[in-house]
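This report is written for a reader meeting the structure for the opening time. Please consult the sequence and the model shown here before reading on.

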Amino acid sequence: PAAVRGPEWRNKEMIMKTMIKSCLMAVAVLFAATTTAFAGKPEIYVNKKWDYAADGYDVTSYFDGEPIKGDPQFSADVANATYIFANQENLDKFLANQEKYRPAYGGHCAYALAQRNILVKGDPLVWHVKDDRLFLNLNKKVQKKFIDDVDGMISRGDAKWPEILEK
């Protein structure tokens with residue numbers, strides 16, 4: 001004999017369909033929120049080998065003419081990155097004027113951003129200070145190209161930053 005399905009079965013079927021639709025909607029919302037949260041690139045380049053911005057160099061030391069390694073006991077966390085400094089004085093300088101001392105473009109190669117519209121790791125030993133801003137580049141060859149047209153490179157880089165993080 002065929003099974004007879006009465007009104008209570010239809011009610012259960014409707015409840016089940018509603019539950020499935022609700023679960024699917026929740027999964028879709030969760031997926032959209034997760035992909036949006038991870039869509040952008042990190043603002044500051046951090047080498048995972050050292051876990052420090054600027055590969056652990058004291059970013060204030062560039063303005064004194066020579067980069068020196070920092071000491072983890074003098075540190076500051078900024079925008080999900082840790083900067084370390086050679087001493088308390090340099091840490092205090094950084095905290096008083098982070099915008100001056102933080103490498104332009106988050107420590108990414110200034111030439112690659114300006115000329116190629118891509119984010120590439122900047123080498124903290126290939127640097128240039130211009131108008132109280134610190135710029136890192138990938139290597140010496142790229143740095144020469146950057147310096148040859150430094151004002152144009154900075155203008156183009158500034159126009160692309162930070163929107164490139166969203167790509």
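## Overall architecture

The chain holds six helices and six strands, where helices (H or I, at least four residues) and strands (E, at least two) are DSSP runs numbered from the N terminus. Their order from the N terminus is α-β-β-β-β-α-α-α-β-β-α-α.

This is a predicted model, in which local features need pLDDT of at least 70 and side-chain atom pairs pLDDT 80 or more, while totals for chains, interfaces and linings use all residues. Residues are numbered from 1 along each chain as its sequence is written, and side-chain values use heavy atoms, leaving out hydrogens and water.

## Burial

Of the 167 residues in the chain, 36% are buried, meaning under 20% relative accessible area with a 1.4 Å probe, protein chains only.

## Helices 5 and 6

The axes of helix 5 (residues 140–148) and helix 6 (residues 150–160) come within 5 Å and cross at roughly 95°; axes are lines fitted to C-alpha atoms over the stretch in contact, with angles from 0 to 180 degrees between N-to-C directions. The two helices are therefore roughly perpendicular to each other, a term covering 65 to 115 degrees.

Contact means heavy atoms within 4.5 Å. Lys-145, Phe-146, Ile-147 and Asp-148 in helix 5 meet Val-150, Met-153 and Ile-154 in helix 6. By class, this contact has five nonpolar, no polar and two charged residues; Ala, Val, Leu, Ile, Met, Phe, Trp, Tyr, Cys and Pro count as nonpolar, Asp, Glu, Lys and Arg as charged, and the others, Gly among them, as polar.

Technical notes: Parallel < 35°, antiparallel > 145°, perpendicular 65-115°, else oblique. Buried < 20%, exposed > 50% of the residue type's maximum accessible area, 1.4 Å probe, protein only.
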